[in-house]
Amino acid sequence: MSATATEPQLSPILEARGLVKTYGHVQALRGANFTAYPGEVVALIGDNGAGKSTLVKCLAGAAQPDSGEILFAGETVRLSNPHDSQELGIETVYQDLALAPDLDGAGNVFLGRELLRPGALGRLGVLDKRAMRDRARTAFADLGVDLQDASVSVASLSGGQRQSVAVARAVAWANRVVFMDEPTAALGVVQSGRVLDVIRRVRDRGITVVLISHNMPEVLEVADRIEVLRLGRRVAQLRAADTDLQELVGAMTGVLEREEQA
């Protein structure tokens, strides 16, 4: 089985090589590797304790590995904090969404990146709410996100709509990679389907989506490739179109290992 679902002439947009991360006596990453190519949905899966969250934190700048190498567009980078990854065009949608419930969709899209009015009013710190709402509506429309009233607080939105707002915020600022941590957790079937549609739209815009999920049917439905972590290292790289649930479970539990040995 081929190790990658991406055309061989493409170079990775984001790589982890031999990452090690220890918390006290717990070794969360034990030489973990990861590869993401431009314009794909790559799923990162593994059982609890496999190291997924730690790997994503390292790649998003929220944690620093003890050793190993992170490469972006073929160049070694040091991500000391999330701002460093954002500067590269990498955004993360965490499972808790990190939305401000009292703000509307536009307010959340521009949270921490507010636009100011031009001229003297901007110098006084007056927000350009109209510009932010117009740009947010465009961002929502581009992703097929249907908010009947974009001016209502996100606290009044459904779970799927809140998830879509969080994704739209990430995509509005990301131009290379978006990490999505369990984006359909606690959502119903219809809402989950809409979020998966948004993920496909993000990929179709040429942005790489790294999907972290325990939902294997959804992974097989939306991912182009799947990378499997087990006990802090990558143990398999699989084409979604060429694998099945049984093989994924086998890789996660150690029955199947396709990772190259050092």
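Helix 6 passes helix 7 in a right-handed crossing. The model is a predicted one. Helix 7 spans residues 189-204, and its axis runs 9 Å from that of helix 6. The two helices pack at an angle of about 15 degrees. Helix 6 is therefore roughly parallel to helix 7, since angles under 35 degrees fall in that class.

The contact draws on named positions in both helices. Helix 6 contributes Gly159, Gly160, Gln163, Ser164, Val167 and Val171. Helix 7 contributes Gln191, Val195, Val198 and Val202. By residue class, this contact of helix 6 with helix 7 holds five nonpolar and five polar residues. No charged residue takes part in the contact.

The structure holds one aromatic pair. Its members are Phe110 and Trp173. Trp173 belongs to helix 6, which covers residues 159-173. Phe110 sits in the loop between helix 3 (105-109) and helix 4 (120-123). The pair therefore ties together parts that are 63 residues apart in sequence. The two partners are assigned to separate accessibility classes. Phe110 has 2% relative accessibility and counts as buried. Trp173, at 25% relative accessibility, counts as partly exposed.

Two further residues were examined, each within a helix. Leu55 is located in helix 1, residues 52-60. Its relative accessibility is 0%, so Leu55 counts as buried. Setting aside residues up to four places away in sequence, Leu55 touches Ala16, Leu19, Leu29, Phe34, Leu44 and Leu229. Thr184 lies 129 residues from Leu55 in sequence. In space, Leu55 and Thr184 are 20 Å apart, C-alpha to C-alpha.

Pro217 is located in helix 8, residues 216-222. At 54% relative accessibility, Pro217 counts as exposed, because the cut-off for that class is over 50%. Gly206 is eleven residues from Pro217 in sequence. The C-alpha to C-alpha distance between Pro217 and Gly206 is 24 Å.

How values were computed: Residues are numbered from 1 along each chain as its sequence is written. This is a predicted model: local features need pLDDT of at least 70, side-chain atom pairs count only at pLDDT 80 or more; totals for chains, interfaces and linings use all residues. Side-chain values use heavy atoms; hydrogens and water are left out. Rings of Phe, Tyr and Trp (its six-membered ring) pair if their centres lie within 6.5 Å; planes under 30 degrees apart count as stacked, over 60 as edge-to-face and the rest as tilted. Helices (H or I, at least four residues) and strands (E, at least two) are DSSP runs, numbered from the N terminus. Buried means under 20% relative accessible area, exposed over 50%, partly exposed in between (1.4 Å probe, protein chains only). Axes are lines fitted to C-alpha atoms, for helices over the stretch in contact, and angles run from 0 to 180 degrees between N-to-C directions. Angles under 35 degrees count as roughly parallel, over 145 as roughly antiparallel, 65 to 115 as roughly perpendicular and the rest as oblique. A crossing is left-handed if the near helix is turned anticlockwise from the far one by less than a right angle, and right-handed if clockwise. Contact means heavy atoms within 4.5 Å. Ala, Val, Leu, Ile, Met, Phe, Trp, Tyr, Cys and Pro count as nonpolar, Asp, Glu, Lys and Arg as charged, and the others, Gly among them, as polar.
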